[in-house]
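Notebook open, viewer loaded. I want to go through some salt bridges, a helix pair and a surface patch.

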Amino acid sequence: MKNHKEVVGIDVSKKTIDAYCYQSQVHKEFINDVSGYKSLIKWVLKVGTSNEVFYCFENTGYYSLKLALYFDSQEIVYVEESPIKIKRSSGVVKEKTDRIDACLIARYGWLYREELKPSTVKSNSQLELGRLLALRDQLVRNNAGLKGTLKEMKVLLNSPTTDVGCISLKRSIDYLTKQVNSIESRIKEIVSENVSMKKNYELLTSLKGVGKVVASQLIYHTGNFTRFDSWRAFSSYCGTAPFEHRSGTSIHRRKQCHYLGDRKMKSLLSMASVSAIQHDSELRLYYKRKLAEGKDKMVAVNNVRNKIIARAFAVVKRGTPYVVLQQHAA
């Protein structure tokens, strides 16, 4: 991005987008739809100081996805950055408006233009996979809440089988269960339709502790293992990579995981590690060895999480299923 002479910072909201040209120092608001995007491009070409321009905006989910899809279809260079990175680079900001946010985003793009790389939109199958996984997670949580309510009501009532509230809850639980099963079937179809996804899915499920949900989430978050160069980079993304924390001679703490990370992926890896400890003899011995070394239980679990990530990247790179070595030992 270092060859570009202008950057346009865009603050994306539900109905509008605010654009700010960093070099021209001009601002304008547009509608967050295709007609607004077309007006944005024309305006930038009119007021910009150079035709060598790229656009920078925060990843705000569905709101920014429409803009990213349009830029990608028009082959326009853009950078979709994490909001936390832009916020941390802005310093102390006492006032907040959409115009100021757009200005700060443009400033970030200009200052870090030599380090930034153009963003790309995921494939349609990847986008649908992400939407379905998020929806499934929401339905499962709602279903768990209804099951908890039903369990409490059964304790309080003398005849829960004839109670209208219990009957209604049971119907809702059954309906949500059917919806979850339907979503899981569609997820399986998406994975099966793509040769690369299907192969990686089969390789991942060969690992103990990695089921269909964890495997699908790994495929989505890693961009089918094209987004990260190594398992250590993905571990840092999930928030399971330990980092040093020391300064001078007085501050010297043990390595800790940073609180910033993908919490959903970290939670899934935690459940996968607990299952792997129970069913994988190698990881069970590894976990016990870490405890015998005096490490805390959560530290040992985190070591198992990283082992699972390393194995996942290894089987995909190697292209062969995981084989438990101990069963072949003499």
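Which residue's side chain meets that of aspartate 101 in a salt bridge? I looked it up, bearing in mind that this is a predicted model. The partner is lysine 96, with 2.6 Å from N to O.

Aspartate 101 counts as buried because its relative accessibility is 14%, under the 20% cut-off. Lysine 96 sits at 65%, and the line for exposed is drawn at over 50%, so I noted lysine 96 as exposed. My entry for this pair therefore reads: a buried aspartate 101 and an exposed lysine 96.

**Entry: the count**

I asked how many salt bridges the structure holds.

**Entry: a pair within a helix**

Arginine 141 and aspartate 137 were next on my list; their side chains form a salt bridge at 3.3 Å, N to O. Why are these two separated by about one helical turn? Both are in helix H5, which covers residues 124-156, and they are four residues apart there, so about one turn lies between them.

Is lysine 290 buried or exposed? Its relative accessible area is 13%, so I wrote down buried. Glutamate 293 comes out at 48%, so I put it down as partly exposed. I then looked for bridges that share partners, and found that they link Glu128, Arg186, Glu189 and Glu193 in one network.

**Entry: H8 against H10**

I moved on to a helix pair. H8 (residues 212-221) packs with H10 at about 145°, and the axes are 10 Å apart. On the H8 side I listed Val213, Val214, Gln217, Leu218 and His221 as making the contact, and on the H10 side Lys264, Met265, Leu268 and Ala272. I logged the crossing of H8 and H10 as left-handed.

Where does leucine 260 lie? I found it in the loop that runs from strand E7 (251-257) to helix H10 (263-279). Its relative accessible area is 34%, so leucine 260 is partly exposed. Together with Ile84 and Tyr259, Leu260 makes up a nonpolar surface patch, for which I noted about 280 Å² of accessible area in total.

Terms used
Residues are numbered from 1 along each chain as its sequence is written. This is a predicted model: local features need pLDDT of at least 70, side-chain atom pairs count only at pLDDT 80 or more; totals for chains, interfaces and linings use all residues. Side-chain values use heavy atoms; hydrogens and water are left out. Patches are made of residues with over 30% relative accessible area and no salt bridge: like charges are joined within 9 Å, nonpolar side chains (Val, Leu, Ile, Met, Phe, Trp, Tyr) within 5 Å. Accessible areas come from the Shrake-Rupley method with a 1.4 Å probe; for residues, only the protein chains shown count as cover. A salt bridge is a side-chain nitrogen of Lys or Arg within 4 Å of a carboxyl oxygen of Asp or Glu. Buried means under 20% relative accessible area, exposed over 50%, partly exposed in between (1.4 Å probe, protein chains only). Axes are lines fitted to C-alpha atoms, for helices over the stretch in contact, and angles run from 0 to 180 degrees between N-to-C directions. A crossing is left-handed if the near helix is turned anticlockwise from the far one by less than a right angle, and right-handed if clockwise. Contact means heavy atoms within 4.5 Å.
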